[in-house]
Amino acid sequence: MPKATLMRHHPVACWTAAFVLLAGCLAGCVASSAQEIAVPPPKPLAPCAWWYGIGQPPTAQEIELAAKRYQVVVLNADQGAAMRRLHQLNSRVKVLVYKDLSSTRNYPGAVDGGQDAVFLPSGIGYVAAQEHHPEWFAQDVNGRRIEWQGYPRHWQMTVWNPDYQQAWTDAVVAEVTREGWDGVLADNDFNSLSHYSSAVLAGTANVAETDRKLRDGLDAFLSKAGDALTNAQKLMVPNVSETHLVPGRWTAHSRFGGAMEENFGFRENGGTGGLLTFRGNEFQELRAQAALGESLLLLVTRTHNAREERSGYASAALLAGPRTCWTRATTDDYRDPEWSALQDSGLGEAIDAASRLPNGVWTRTFSHGWVAVNTTASTQTVEPPPGLVKPGAPAPTPTPTPTPTRTSTPTSAPTSTRTSAPTSTPAPPSLTLEAADAIILVDPQQLVKRGTWRITRDEFRIGRLWAR
């Protein structure tokens with residue numbers, strides 16, 4: 001029966017049904033809203049540790065240690081057995097496979113006996129591309145293939161070519177799913193070819209056009225591969241470079257499971273300036289992602305001394321969230337597992353959002369400690385909270401509470417005398433922070449009162465826009 005006839009002949013029944021339907025919808029919306037309100041925000045814990053283990057095959061001892069120490073591990077594609085052992089030892093560890101977005105390679109190990117290896121560091125093998133799709137090799141304005149300077153037998157590919165993008169995506173998704181990896185660490189999501197080659201791509205007039213063609217191609221590439229891996233319930237974590245130069249790029253490229261910053265806490269001007277991570281829009285985008293806590297934030301600080309190690313870890317603590325992980329790199333080839341004693345500082349849970357002082361120093365308070373980072377190129381001063389010490393320092397000896405003494409006399413009631421402890425804590429002294437340096441302080445007795453973590457509405461909105 002047509003709906004108009006039903007309304008004309010059964011108005012009461014129709015309105016009753018409509019009311020019931022509306023009430024049900026409202027009840028469902030209220031229940032849904034109640035569920036959303038009831039979900040507590042994720043805990044912003046001190047930075048977890050992760051291992052970028054792509055330098056050499058890990059030993060059995062390293063795998064056992066990694067299962068206890070790291071929350072995220074990245075391994076080469078031929079280390080499937082190590083990945084499965086890690087999962088066996090600790091099912092909570094996320095193990096990602098290394099895959100390069102932008103190159104194919106024909107060094108020994110990637111090509112053996114004239115054939116592509118079974119497990120590749122890239123998505124497309126050199127031999128397969130050479131035989132079936134030579135057009136996927138990028139060329140310069142003189143028609144020559146582009147080999148990366150400093151990285152022999154790494155060949156730039158046409159990341160803007162939809163066919164190359166699809167072939168890479170199909171191969172990587174199939175391998176990750178078949179082998180049981182948790183996702184992909186997609187390397188060389190770069191901003192400029194100039195770090196690898198001075199070549200100008202065929203069809204472009206200059207370096208600026210070359211870089212724009214690569215960036216636009218990688219934007220589309222990330223969307224295609226990220227969607228496919230998400231549909232396969234796998235993580236896509238690109239190593240995104242120089243996002244301080246392109247507002248919104250970090251946010252867009254981290255939306256499929258997270259992103260990696262390989263030069264976190266990098267110092268400007270050849271090591272004489274402030275911290276580059278805090279320039280442009282990058283730090284705000286990192287904060288939004290970390291605060292939301294739904295995707296991996298993998299940070300690497302290249303350290304040559306204690307100052308760089310402090311500033312790297314403390315800067316990561318400013319971003320601390322449920323999935324914010326930090327590591328240091330003391331070599332360029334990542335040959336050995338890295339660990340910093342600062343990971344054992346015991347900061348605990350962040351009880352406020354990071355805040356910037358007028359002099360450019362950023363600070364943040366934790367349930368068991370406090371950090372301050374001087375992001376500027378000048379010496380600054382800061383006043384820490386009282387009662388904290390540097391990690392590893394001996395705990396202050398507590399002042400004993402005097403025992404009441406009782407004196408009895410035949411002619412009077414018992415009396416007690418008590419020595420009073422000081423009723424106020426002296427103001428903490430000001431500390432001097434050199435340029436691009438940091439300080440980390442902890443409460444060895446863990447007496448810092450826990451509080452409520454807050455982020456601004458704008459930070460949550462910006463993060464929520466892209467996180468998945």
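An open sheet of four strands is found in the order β13-β14-β15-β20, with antiparallel pairing; strands here are DSSP runs of E with at least two residues, and helices are runs of H or I with at least four, numbered from the N terminus, while two strands pair if DSSP finds at least two bridges between them. Because β13 (355-356) and β20 (438-442) stand at the edges with a single partner strand each, one side of each is left without a neighbour in the sheet. Strand β14 (residues 361-366) pairs with strand β15 (residues 369-374) in the antiparallel sense over six bridges, and Thr365 has Trp370 in β15 as its bridge partner. The model is predicted, with pLDDT of at least 70 needed for local features and 80 or more for side-chain atom pairs, whereas totals for chains, interfaces and linings use all residues. Residues are numbered from 1 along each chain as its sequence is written, and side-chain values use heavy atoms, without hydrogens and water.

Of its 45 lining residues, Tyr98, Tyr151, Asp187, Tyr196 and Glu262 are the closest to the centre. Strand β8 (residues 183-189) gives the most to this lining, with three residues.

The axes of helix α3 (residues 60-69) and helix α4 (residues 80-89) come within 9 Å and cross at roughly 45°, which makes α3 oblique to α4. For helix α6 (residues 162-179) and helix α7 (residues 207-231), the axes come within 10 Å and cross at roughly 30°, and α6 and α7 are therefore roughly parallel to each other. Angles, which run from 0 to 180 degrees between N-to-C directions, count as roughly parallel under 35 degrees, roughly antiparallel over 145, roughly perpendicular from 65 to 115 and oblique for the rest.

Notes:
1 Å grid on protein atoms, 1.4 Å probe; cavity = no way out; pocket = protein on both sides within 12 Å on 5 of 7 lines; lining within 4 Å.
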